[in-house]
Amino acid sequence: MMITQFTPSTAPPPHLSTEVRLHAEALGKTFTLHTQGGVRLPVLDGVSLTVKAGECVALTGASGSGKSTLMRSLYGNYRVDSGSIWVRHEGTWVDLPQLQPHELIAVRQKTIGYVSQFLRVIPRVPALEVAAEPLLELGVAPETALDTVRQLFERLNLPKRLWHLSPTTFSGGEKQRVNIARAFAVGYPVLLLDEPTSALDATNRQVVMQLIEERKAAGCALVGIFHDEDVRKQVCSRELMFERQN
Amino acid sequence: MPPLLTVTHLTKHYGPIRACDRISFSLYPGQVLGIIGESGSGKSTLLSCLAGHLPPDEGEVIYHSREGNLLDLRTIPEAKCRTLMRTEWGFVHQNPRDGLRLSVSAGANIGERLMNVGARHYGQIRGEAQHWLEQVEIDCDRIDDFPKTFSGGMQQRLQLARVLVTQPRLVLMDEPTGGLDVSVQARLLDLMRSLVRNLNLSVILVTHDIGVVRLLAHRLMVMQHGQVVEQGLTDQVLDDPQHPYTQQLVNATLVP
């Protein structure tokens, strides 16, 4: 959609090895619920995480411990109160919390992919187009983009009769596979996975694990939340453990 | 890539009331900027000031024209401003009857904007009208019918066609789905979404409907009492609302 020149960061990039793709430092995030008497919920307090190319780091811990909040912060969906999130975007380091909105849009188009648990569907838009959208926005020719998606749909065993339908009426597992195809179609250097296999059967779980391995081999840096322990143990090299807050 | 539109400290008073209080933002090509807020928050006044329907009291509006010039909309001659509004800019009214001429045919409604900028060849104008009717999913058989015989949703799509025929770069929309049924709304939203992408349009979209901005807007500004109280990417503002007013707005939304 757009080519963007980046505003220089106010702080110099940290001294990180060339293999690092993502470096989050001392993240703090507190939610203030103004509609509920101004209750303050501190969720992240000084969280740091470094991910290198070819690594998959698992976020673990009880529900409510802040895994998803960190994940959403790494995508710039939640806005952190403090700390920095350095990402290597087209050869230069950028700090997500410092970016202008249009710059963050560009980082999300090219550098950081995100597989959420839920697919936001648009009525009337067929599954093929939903999944091809990120490629089309990057300016990839429609036929090439659709071919890439078709291959992924096939690998993920998404029945052909569904390809031209809007995912509005799809089952949870079908929607999830559309979502996965959407994110894996683009070769993002950084990929965030929020329970990508929660609604899948064993066969398709295997396919997703295979896709993750392929991305790792291609030098992608991944961060994931996996409730399925087998999946986590197989694809992740490290864990970042969250403790429940009181 | 430079911004298409840069607004700095735009202010508009109605007597003692500040309807718009030092509003600043930049809009980039291909972006949809949503503006939400309750009635009286100043969002429609802001849109009217940008469209030249109302003179702002203070502030600057700089537009980067198709020829690559930076135009200060407050200082360029009025005639130049009117030409811009007919060519590079478009305005979509909430009520299609404010944007259409009901006493002429659908085809003439679309053709009129082309004739305003000098098109004279009847066959070409009619061809363009047919093309844009197709783009907004209106049956070409209806080209000679009057808009008053159209349903509300069709009238709104016709208004879009009338605006898009001159291939504007910036479209201002005031509650474009406001008076429509939910199912008709969904179709219009989906249509607008694909048009925005295929035509690389920049849009400023004023609405009070959170579902509409969620689907269409890349960025969001939240207005209250004439001020911008929160802004960011649409998903940031809606998933992690920080200002008390935004939280109230998001919490009040029913999720089906």
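Me: How many residue pairs are in polar contact across the interface of chain B and chain A?

Reply: This is a predicted model. Across that interface, the rule finds 16 residue pairs in polar contact, both residues being at pLDDT 80 or more. Helix 7 (182–199) of chain B is among the elements that each supply at least two residues of the side touching chain A. Helix 7 gives the largest share of that side, 5 residues.

Me: What makes B:Arg193 and A:Glu133 a salt bridge?

Reply: The closest N and O atoms of B:Arg193 and A:Glu133 are 2.9 Å apart. The cut-off is 4 Å between a side-chain nitrogen of Lys or Arg and a carboxyl oxygen of Asp or Glu, so the pair qualifies. The count between chain B and chain A is 6 salt bridges.

Me: Why is B:Arg162 called buried?

Reply: B:Arg162 has 15% relative accessibility. Buried means under 20%, so the term applies to B:Arg162.

Me: What makes B:Glu112 and B:Arg162 a link between parts of chain B?

Reply: Their side chains meet in a salt bridge at 2.8 Å, N to O. B:Glu112 lies in helix 4 (residues 106–116) and B:Arg162 in helix 6 (residues 152–164), so the pair ties together parts 50 residues apart in sequence.

Me: Why does A:Glu143 count as partly exposed?

Reply: A:Glu143 has 47% relative accessibility. Exposed requires over 50% and buried under 20%, so A:Glu143 falls in between. The side chain of A:Glu143 meets that of A:Arg150 in a salt bridge (3.6 Å, N to O).

Terms used. Residues are numbered from 1 along each chain as its sequence is written. Chains are lettered from A and ligands numbered from 1 in the order in which they are written. This is a predicted model: local features need pLDDT of at least 70, side-chain atom pairs count only at pLDDT 80 or more; totals for chains, interfaces and linings use all residues. Side-chain values use heavy atoms; hydrogens and water are left out. A polar contact is a pair of N or O atoms within 3.5 Å; within protein, one must be able to donate a hydrogen and the other to accept it, and residues adjacent in sequence count only if both atoms are side-chain atoms. Helices (H or I, at least four residues) and strands (E, at least two) are DSSP runs, numbered from the N terminus. Buried means under 20% relative accessible area, exposed over 50%, partly exposed in between (1.4 Å probe, protein chains only).
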